[in-house]
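Colleague: I have a model open and want to learn how to read its packing. Can you take me through it?

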Amino acid sequence: MTSNASDEQHILIFKIERKVFPHQGQFDDDFQKNETPPVKNRADRPDAGKLQQFKASCSGHCTAMLSRDFWHGLFPIIKWMSKYSWKEQFLGDFMAGCTVAIMHIPQGGVPPIIGLYMAFFPVLIYVCLGTSHHISIGTFAVTTLMTGKIVDQYSNHEIANFSSGSLLKTDNISSNHFTSLEVATAVCLMVGLWQILMGILRLGVLGIILSDHLVSGFTTAAAIHVVVSQTKNLLGLKITRFNGPFRLIRSVVAIFSALPTANPAEALTSCVAITVMAVHNDWLKPWYGKKIKFPLPTELFILVIGTIASYFGDLTSNYDIKTLNHIPTGFPEPRVPPYELLPRIMIDTIAVAIVAYAVSLSMAKIFARKRGYEISNNQELLAQGAANVFGSFFSCMPVSASLSRSMLQESVGGETQLASVVSCFLLLIILLWVGPLFESLPLAVLSSVIVVALKGMFVQFRDFTSTLKSSPLDSAVWMATFLAVVIVDIDIGLGMGIVASISVLIYRGHRPYAATLGHLHGTEMHVDIRYFPSAVEVPGIKIFRWAGAIHFANAETFRHVVDSHLGPYKSAALSSRIASTAEKESLSIQAAHVKYGTLDPLASTSLNSGAISTPAVSIVTIEHLILDCSALSYVDLSGTKVLTSLHTDLLNDRGITLILANCSEPLIKQLDRCNYFQTFPKAQVYPSIIDAVMTIESSNQFAFNNSLNSPIVP
């Protein structure tokens, strides 16, 4: 290869001289191709015995388990704590942990003490095993409601009531009935077992179907569910809690019906709290953020001020403002969930496990993309599953990432899961000693903090508008997921969003990009003739590119597209179609501009100047179809059958020879495994388009006896 640069135009020109490979086999032989890649371990070779392979596999797994990467992957806390900067990160984590701690008190209809348990025991496990640095694990309204539905179905209805303290009653129950607490802990255990099983089976890979636009639409709609669930506390309404499909619509109708009974004091409290936090976050925080390194925990100040004002002003008695009320102190007694209930709730808990994981993974993806780090889908399954299993022995319900707490933890300066450790430490103090101090916290203030924290979720509406311009199909997935979650329900909406995402994926794979290629004079490139008018098709040869896979879903489409690109060409030989010497000379003049052998950059000068007119295409007959496989990723058995039928049909019916070029090694091996080369000659496989074209032209009968105008330069 030689190269030189022009001082005036700064143009690099290269010229390659090599022999033409008449088929793929010649290329493989000349460059000594290995039929099987070399293996480092002798036991990995195909001829090794089964026992030897098994021993090598066990040895490899044992070696991997002793490696540092294995333990860093199993316990991510080891990796991020070793790089933790106490000087730069701890202050933000401390502030975030202090702020989020109080928000762990649930708003899903369970006693506050249960929410504190869920914010302490499972979180300790997730901190060690989780890969996300910012999500806040604990109570989440949606999973709480889904769990409540199962509890209502299997618990003793005479004492089962999520909204009362009866969740903690466990005595004087017959063996055929279960308390609400027993059912809730059994659900938590079963959800954890499902998630651990999915993690062991490496089903976290299914998280890849949660595309960015699906996650955006899903979390935005879930945020609306959370806001609606907090509206009764914001306005002091007394409405019925709904479950099942269309519960959001029924809740909104109930809210509007109950508006005349709203408590003005609670509405005013919510308005003041929301206004103060909104002004701080949108105006004050950007201003002082340039002067100090950490944001002020305004949310924490609001909670403390609200608690103090409620206590000294006796807001409950004077203005009927609802507060947290009684918060007992002390740790729960460890209790084994009732194993006999697990087979009965096994099917019902699958949806809870999937929704809890999907919500957590969605939030983890949002923060990972925003902060520029990676998460492990399988490790998230194991971490959340282990957290649920551990929490089930301490009176916990299934945990998940909370949208509001996660957004708040990140916005007030949280950098790592050490913020959750700080939160757990404060919750420990609350559980043991100071819990009663927060009994006067108004629910309106707590709900205001939750609603303001969800602002980042609603900003994601911009994702829909931006996606609508760049990819209408992706925007359709966003809107389908959003509407399904809002109108129907979160679990059903998530399923419908996944179906929509997969449908778009199948549609795109069903009809990928296809093009007829032409040669750019003076280069080795073949490009789409629709976008490059100067590209010229080689006489008698059709070069076709299919960018994608050929499988059972698009095999027929592939065949139809190929036939449409072949067009109205006839099957007669080109030599029999040329009736006069003038036509031969015209074709030879056209062929003179296709000089693959020299790649002369000046070869197209006369063509571009219009000095020579191109003959009508109707007199050219296709004798060879070159399938450019450079963008062909995969061919399954159905695709192999289509390629076989294409080869035989073209040859028998139209006299066209099919040729494969630019095939990757995995593609050749896949075709070989499907016995494709039993009917298709391997001599018709070429390492490149240029080799195929030059070999065809050199052996073609209409090469005009190697005249000076031949497209091939010997």
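This is a predicted model: local features need pLDDT of at least 70, side-chain atom pairs count only at pLDDT 80 or more; totals for chains, interfaces and linings use all residues.

Colleague: How many helices and strands does the protein have?

Modeller: Helices (H or I, at least four residues) and strands (E, at least two) are DSSP runs, numbered from the N terminus. Here there are 30 helices and 11 strands.

Colleague: What share of the residues is buried?

Modeller: Buried means under 20% relative accessible area, exposed over 50%, partly exposed in between (1.4 Å probe, protein chains only). Of 714 residues, 51% are buried. Now contacts, meaning heavy atoms within 4.5 Å. Take those between residues at least 6 apart in sequence: 80% join residues at least 24 apart.

Colleague: How do I read a nonpolar core?

Modeller: In soluble globular proteins, nonpolar side chains tend to be buried together. A nonpolar core is a set of buried Ala, Val, Leu, Ile, Met, Phe, Trp, Tyr and Cys residues joined through side-chain atoms within 4.5 Å. The largest one here has 112 residues. Ile135, Leu303, Ile345, Met363, Leu403 and Met457 have the most contacts inside it. Leaving out residues up to four places away in sequence, Met363 touches Ile135, Thr219, Leu403, Ser406, Met407 and Met457. A second, separate core has 30 residues, including Leu566 and Phe677.

Colleague: At what angle do α22 and α23 cross?

Modeller: Axes are lines fitted to C-alpha atoms, for helices over the stretch in contact, and angles run from 0 to 180 degrees between N-to-C directions. Helix α22 (residues 472–487) and helix α23 (residues 490–510) cross at roughly 165 degrees, their axes coming within 7 Å. So α22 is roughly antiparallel to α23 (over 145 degrees; under 35 is roughly parallel, 65 to 115 roughly perpendicular, the rest oblique). Among the contact residues are Val477 and Ala484 of α22 and Gly497 and Val504 of α23.

Colleague: And which helix pair is oblique?

Modeller: Helix α5 (residues 86–103) packs on helix α18 (residues 418–434) at about 45 degrees, with axes 7 Å apart. The two are therefore oblique to each other. Their contact includes Phe90 and Phe94 of α5, and Val422 and Leu426 of α18.

Conventions:
Residues are numbered from 1 along each chain as its sequence is written. Side-chain values use heavy atoms; hydrogens and water are left out.
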